[in-house]
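Please open the structure in your viewer and keep the selection tool ready. The tour below goes from one stop to the next, saying at each what to select and what is there.

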Amino acid sequence: MKLPYWVRGDTNAFFGFGINVLVNVLTLTGLCIGVIKMPPGDVFGVILPALGIALVAGNVYYTFLARRLAVREKRGDVTAMPYGPSVPHMFIVIFVIMLPIYLRTKDPIQAWTAGMAWAFIIGVIVLIGAFVGPYIRKYAPKAALLGTLAGISITFISMNPAGNMWKTAWIALPVFGLLLIGLLTDIKLPFNIPIGLVALLAGTAIGWIGGAMSVPDVTAAAKDIAFAFPHLKISLLVDGLKDMSPLLATAIPLGVYNFTEAMTNVESAATAGDRYNLRSVLLADGAGAVIGACLGSPFPPAVYVGHPGWKAAGGRTGYSMATGVVIALLCFFGMFGLLGTIFPTAAIVPILLYIGLLIGAQAFQATPRAHAAAVVAALIPNIAQWATGQMDNVLSAAGTSAAQVGNTALNSAGVVYDGLHTLGEGAILAGLVLGAIVAFIIDKRFWYAAIFAGAGSVLSFIGLIHGEKVEWNADGPVALGYLFLAVICALFALGRPTPREPEPGERDEVVEGNTFTEAPEGGVPVASVS
């Protein structure tokens with residue numbers, strides 16, 4: 001079949017997704033310069049060009065995967081997976097890896113090399129996960145996979161943009177309204193003008209007319225524009241890897257997070273109708289992080305949340321490649337300093353809140369109604385992680401920490417910090433485990449619930465979930481709790497209860513006595529009773 005490289009809907013998706021990635025690159029640029037105090041020359045001359053190479057390579061690759069899937073299934077509505085710098089990792093590498101080193105040494109370069117090494121390790125772990133993730137996806141209930149993804153979208157993707165929006169609501173709310181009308185209804189603008197572009201231009205106009213932006217800032221930023229192309233920074237990477245052991249404490253769970261998040265995003269795309277090969281996705285994610293780190297970037301790229309949103313906006317295979325190329329060019333020419341002075345933040349971030357709404361809704365719409373409680377269970381660890389992160393930031397701004405304040409004082413103020421902190425460690429993997437346990441209990445498939453509870457016990461014991469770092473006996477009491485839960489589920493399984501009857505049209509996830517046939521391209525397995 002003849003497949004066009006660009007359709008009208010790609011324009012809408014390009015402006016929406018491009019703005020999404022633009023926001024994230026602007027944010028990480030500000031973090032490097034404002035928090036780590038890195039020289040702007042290193043940020044604009046090395047880190048951003050390195051990230052640009054990873055982004056253009058990844059988005060071109062995902063465009064290729066989409067076109068291959070479209071040709072194989074003989075349909076023109078396949079949407080490419082979105083790909084860009086990972087938002088949670090962006091904040092974690094800055095505040096957990098780089099900032100402590102900078103505060104201790106006052107050397108931003110040493111902090112940078114540690115970040116590069118950390119991103120490299122993340123990439124290696126994701127490459128390993130490419131051979132493990134498909135099996136997790138095959139047996140995990142959809143409510144657990146989409147629920148933990150919804151947890152990320154509601155907290156890390158939606159809440160910060162929402163806070164920024166309401167700081168300058170007179171700019172942000174009109175933009176948000178335009179996006180909702182254009183992307184959630186069938187109303188089209190005259191001449192099919194892309195709603196994402198109109199929303200950005202309208203918000204920018206309101207911001208400039210209202211005095212939120214400054215001409216001198218634009219003039220000053222324009223002087224910094226210069227072309228820079230990346231080259232290998234192996235010596236810096238090797239320097240960072242010399243002291244690798246402290247990095248593993250966060251790199252291992254975050255690497256697991258990366259391939260678990262990719263797994264849930266592939267499930268989300270499959271629910272929307274596009275069944276991608278999970279291993280191909282994970283290999284590209286891992287390779288992107290490794291390549292970026294070798295060129296000097298401490299920010300691992302990843303498949304993004306939001307495929308269903310760009311599909312609903314009309315995006316097909318062209319929007320992803322166009323986004324990668326355009327963002328890469330902006331990185332090479334050092335344009336992000338200038339762009340940050342032209343477009344008000346409040347005109348940009350509403351697209352992130354829209355994506356958060358869509359993914360949160362999908363978790364409930366695309367799973368059995370009976371599994372709604374399992375979706376909520378999968379949300380909770382992510383909410384706990386976000387909440388404790390906010391508490392930590394507030395205490396840090398006040399010149400103290402939770403450890404200095406003490407659990408007694410926090411508990412007396414009604415703040416259950418210690419419990420929430422434990423619950424939120426390794427949140428996406430913890431959410432998957434908890435959501436799966438609840439879903440299988442609802443279905444009265446207690447052996448499977450016992451298996452996931454046993455997995456939760458092992459993961460807690462070694463610190464991949466509910467632990468501050470990866471170590472032996474990271475959290476014995478939590479591991480024991482999961483073990484007791486596994487025993488309870490196993491005891492109920494011995495009674496051989498009749499499993500819950502599926503709702504009409506519901507896909508049985510994992511059923512005793514069933515065989516599984518892999519879907520094309522390694523997509524969602526289809527159960528067939530043997």
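Before the first stop, one definition is needed: the axis of a helix is a line fitted to its C-alpha atoms over the stretch in contact, and the angle between two axes, taken between their N-to-C directions, runs from 0 to 180 degrees. Keep in mind throughout that this is a predicted model.

Begin by selecting helix H6 (residues 142-167) together with helix H7 (residues 169-184), which pack at an angle of about 120°, with their axes 5 Å apart. That angle makes H6 oblique to H7, because angles of 65 to 115 degrees count as roughly perpendicular and those over 145 as roughly antiparallel. To see where the two helices meet, show the side chains of Met165, Trp166 and Lys167 in H6, which are in contact with Ala169, Ala172, Leu173 and Phe176 in H7.

Now turn to the aromatic rings, of which a search of the whole structure finds 15 pairs. Select Phe17 and Tyr319, whose ring centres are 5.7 Å apart and whose planes stand at 75°, so the pair is edge-to-face. This pair links distant parts of the chain, since Phe17 belongs to helix H1 (residues 8-34) and Tyr319 to helix H14 (residues 318-332), 302 residues apart. Are Phe17 and Tyr319 buried or exposed? Both residues are buried.

Leu31 is buried, with a relative accessible area of 10%. Leaving aside residues up to four places away in sequence, Leu31 touches Ile36, Met90, Phe91, Ile94 and Phe95. Of these, Phe91 lies 60 residues from Leu31 along the chain, and the C-alpha atoms of the two are separated by 8.3 Å.

Finish with two places where a charge meets a ring. Select Arg67 and Tyr5, where the charged end of Arg67 sits over the ring of Tyr5, 3.7 Å from its centre. Then select Lys106 and Tyr102, where the charged end of Lys106 sits over the ring of Tyr102, 5.8 Å from its centre.

Key: Residues are numbered from 1 along each chain as its sequence is written. This is a predicted model: local features need pLDDT of at least 70, side-chain atom pairs count only at pLDDT 80 or more; totals for chains, interfaces and linings use all residues. Side-chain values use heavy atoms; hydrogens and water are left out. Rings of Phe, Tyr and Trp (its six-membered ring) pair if their centres lie within 6.5 Å; planes under 30 degrees apart count as stacked, over 60 as edge-to-face and the rest as tilted. Helices (H or I, at least four residues) and strands (E, at least two) are DSSP runs, numbered from the N terminus. Buried means under 20% relative accessible area, exposed over 50%, partly exposed in between (1.4 Å probe, protein chains only). A charge sits over a ring if NZ of Lys or CZ of Arg is within 6 Å of the ring centre and within 35 degrees of the ring normal. Angles under 35 degrees count as roughly parallel, over 145 as roughly antiparallel, 65 to 115 as roughly perpendicular and the rest as oblique. Contact means heavy atoms within 4.5 Å.
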